[in-house]
Amino acid sequence: MFVRTERLFLRPAWPEDLDDIVEALLDEDIQRNLGVAPLPSTIEGIKAYIEGPGDPRLPHFFMYLRAPGGPQLVGGIGLGRYEGEVEVGCWIVPGQRGRGFAGEALRAMIAQARALGYRRLVASHFADCVGTQSVLENAGFRDTGQVRSRHSAGRAMEVAVRIYTADLERRASPRMDMSGPAMIAQSAA
């Protein structure tokens with residue numbers, strides 16, 4: 001399965017992506033700001049992660065910028081389960097931050113989650129990552145006002161996180177509606 005947005009392809013990793021993904025996932029800042037579990041931090045672990053079977057109800061994608069010189073890795077995004085909720089998480093490589101890619105990918109994942117039949121998504125961000133707040137809110141998430149302590153594998157400690165939710169049963173605003181020609185979801189055969 002892959003998703004196409006205005007500027008990005010959200011898709012599984014391919015073997016030829018390994019070097020770019022390894023470089024990104026070994027970045028200390030990316031590992032530090034991940035939630036519950038760290039992404040793999042060895043070449044063998046990353047290779048097993050991208051080659052392993054995925055849950056079609058909890059898709060994980062790598063984001064690639066559609067660029068004239070060929071696709072460029074922008075980050076990753078996916079759905080997972082945490083404390084009985086379906087949660088979305090994403091990361092952006094440092095050189096691609098501040099260009100709106102996280103919001104674009106989040107809006108696409110909201111549409112994907114809605115198509116999968118989910119009624120609500122949860123997202124969180126570490127309280128010291130203040131830029132994430134506006135990204136989540138602009139993508140349609142609402143701040144619940146809750147702050148929880150959550151273990152960060154990348155930091156090896158408990159860290160305060162703010163909790164956000166997106167109600168997927170509510171009609172999408174024009175800003176969140178990704179059902180038009182800007183997004184196409186396809187299944188890989």
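A residue is called buried here when its relative accessible area is under 20%, exposed when over 50%, and partly exposed in between (1.4 Å probe, protein chains only). Arg 11, at 6%, is therefore buried. The model is predicted, so local features need pLDDT of at least 70 and side-chain atom pairs count only at pLDDT 80 or more, while totals for chains, interfaces and linings use all residues. Numbering starts from 1 along each chain as its sequence is written, and side-chain values use heavy atoms, leaving out hydrogens and water.

Let's stay with Arg 11 for a moment. Its side chain meets that of Asp 17 in a salt bridge (2.7 Å, N to O); the term requires a side-chain nitrogen of Lys or Arg within 4 Å of a carboxyl oxygen of Asp or Glu. Asp 17 is also buried, with a relative accessible area of 6%. The structure holds seven salt bridges.

Another of them joins Glu 104 and Arg 7, with the closest N and O atoms 2.7 Å apart. Because Glu 104 lies in helix 4 and Arg 7 in the loop between strand 1 (2–4) and strand 2, this pair ties together parts 97 residues apart in sequence. Helices (H or I, at least four residues) and strands (E, at least two) are DSSP runs, numbered from the N terminus.

Now follow helix 4 itself: 13 of its 15 residues are buried, so the rest of the structure largely encloses it. Turn next to the largest nonpolar core, which has 32 residues; such a core is a set of buried Ala, Val, Leu, Ile, Met, Phe, Trp, Tyr and Cys residues joined through side-chain atoms within 4.5 Å. Helix 4 gives the most to this core, with eight residues.
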